[in-house]
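Q: I would like to go through this model region by region. Could we begin with the loops and then turn to the strands and helices?

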Amino acid sequence: MRARELHVISNGRKTLREFAEIAGLIHPFVTAIHIREKARDAKEIWEGVQLLTQFGVPAEKIYINDRIDIAVAARVKGVQLAYHSLEPRWVKTAFPGLRIGRSAHALEEAIEMEQQGADFLIYGHIFPTGSKPGLQARGIKALVHLVQGVSIPVIAIGGIHLEYVPAVMEAGAAGIAVMSGILDAGDPRLAAQRYFEALHEWETK
């Protein structure tokens with residue numbers, strides 16, 4: 001069985017330097033570190049990539065949300081696309097070396113994104129989370145339904161506290177994506193290590 005993935009996504013509340021400092025501490029335990037900064041321009045995101053590498057994060061662990069141009073120019077691992085981004089098929093055709101993630105919100109969308117060449121999906125939110133106030137969580141049953149409908153890895157996101165990791169893994173997810181559970185922890189490195197260990201328990205199951 002493939003190693004379980006742990007993705008950490010910037011939350012837009014910390015400065016890019018603060019995020020990079022944390023990323024430098026946690027990256028040994030993390031599969032992917034996403035720069036997801038909707039309010040920042042291209043130059044700022046580029047500088048964020050430089051900060052990540054300065055703090056020791058390998059380029060092969062860095063993903064850029066939406067901005068394919070920056071991902072290509074910075075020679076990082078991949079991009080995370082949203083509904084408003086270019087479709088995966090165009091990105092895959094033009095830049096076959098990029099690993100492409102795509103947000104998915106329903107099974108039909110997930111199947112289409114797989115057919116278009118997405119390498120993995122991020123699906124959520126699975127549990128209630130402060131970043132999605134007032135929106136109903138999709139829950140474990142919906143995660144199982146989506147995982148069973150596609151063959152590419154599905155990364156679960158949304159309110160995944162440490163104690164929820166077993167349920168998410170039992171649902172068939174290939175990994176989890178975390179924001180506040182690590183970035184806002186008193187000891188982010190220890191938090192990342194605990195998530196890593198919880199996921200590692202499932203690698204041979």
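Q: Where does Arg75 lie?
A: Arg75 lies in the loop between helix 3 and strand 4. Please keep in mind that this is a predicted model.

Q: Is Arg75 buried or exposed?
A: Arg75 is exposed, because its relative accessible area of 72% lies above the 50% cut-off.

Q: And what about the phi of Arg75?
A: The phi of Arg75 is positive, about 60°, although Arg75 is not a glycine.

Q: Which loop holds Asp66, and what is its phi?
A: Asp66 sits in the loop between strand 3 (62-65) and helix 3 (68-74). Asp66 is not a glycine, yet its phi is positive at about 75°.

Q: How does Asp66 count in terms of accessibility?
A: Asp66 has a relative accessibility of 24%, so it counts as partly exposed.

Q: Which residues does the cis peptide bond join?
A: The cis peptide bond joins Gly124 and His125, with omega about 0°. His125 belongs to the loop between strand 6 (120-124) and helix 6 (139-149).

Q: Let us turn to the sheet. In what order do the 8 strands close into a barrel?
A: The order is 1-2-3-4-5-6-7-8, and the pairing is parallel. On average, neighbouring strands of this sheet are turned by 25° against each other, direction ignored.

Q: Which strands pair with strand 1?
A: Strand 8 (residues 175-178) is one of them, pairing with strand 1 in the parallel sense over 4 bridges. Strand 2 (residues 32-35) also pairs with strand 1 in the parallel sense, over 3 bridges.

Q: Which residues stand opposite Glu5 and Val8 there?
A: Glu5 faces Gly175 in strand 8, while Val8 stands opposite Ile33 in strand 2. Between strand 1 and strand 2 the chain passes through helix 1 (residues 16-26), and this β-α-β crossover is right-handed.

Q: Which way do the residues of strand 1 point?
A: Glu5, His7 and Ile9 point one way from strand 1, and Leu6 and Val8 point the other way. All of these residues are buried.

Q: Why is strand 1 described as largely enclosed?
A: Strand 1 is largely enclosed by the rest of the structure because 5 of its 5 residues are buried.

Q: What lies 2.6 Å from a polar atom of the Arg4 side chain?
A: The backbone oxygen of Ala173 lies at that distance of 2.6 Å from a polar atom of the side chain of Arg4.

Q: Now the helices. How do helix 1 and helix 2 cross?
A: The axes of helix 1 and helix 2 (residues 42-54) come within 9 Å and cross at roughly 30°. That angle makes helix 1 roughly parallel to helix 2. Helix 1 passes helix 2 in a right-handed crossing.

Q: What is the corresponding picture for helix 1 and helix 9?
A: The axes of helix 1 and helix 9 come within 8 Å, crossing at roughly 45°. Helix 1 is therefore oblique to helix 9. The crossing of helix 1 past helix 9 is right-handed.

Q: Which residues 165 apart along the chain have C-alpha atoms separated by 9.2 Å?
A: These are Arg189 and Gly24. Arg189 is found in helix 9 (residues 188-200).

Q: Finally, how does Arg189 count in terms of accessibility?
A: Arg189 counts as partly exposed, because its relative accessibility is 38%.

Methods
Residues are numbered from 1 along each chain as its sequence is written. This is a predicted model: local features need pLDDT of at least 70, side-chain atom pairs count only at pLDDT 80 or more; totals for chains, interfaces and linings use all residues. Side-chain values use heavy atoms; hydrogens and water are left out. A polar contact is a pair of N or O atoms within 3.5 Å; within protein, one must be able to donate a hydrogen and the other to accept it, and residues adjacent in sequence count only if both atoms are side-chain atoms. Buried means under 20% relative accessible area, exposed over 50%, partly exposed in between (1.4 Å probe, protein chains only). Helices (H or I, at least four residues) and strands (E, at least two) are DSSP runs, numbered from the N terminus. Two strands pair if DSSP finds at least two bridges between them. A crossover is right-handed if, with the strands pointing away from the viewer, the path from the first strand over the helix to the second runs clockwise. Axes are lines fitted to C-alpha atoms, for helices over the stretch in contact, and angles run from 0 to 180 degrees between N-to-C directions. Angles under 35 degrees count as roughly parallel, over 145 as roughly antiparallel, 65 to 115 as roughly perpendicular and the rest as oblique. A crossing is left-handed if the near helix is turned anticlockwise from the far one by less than a right angle, and right-handed if clockwise.
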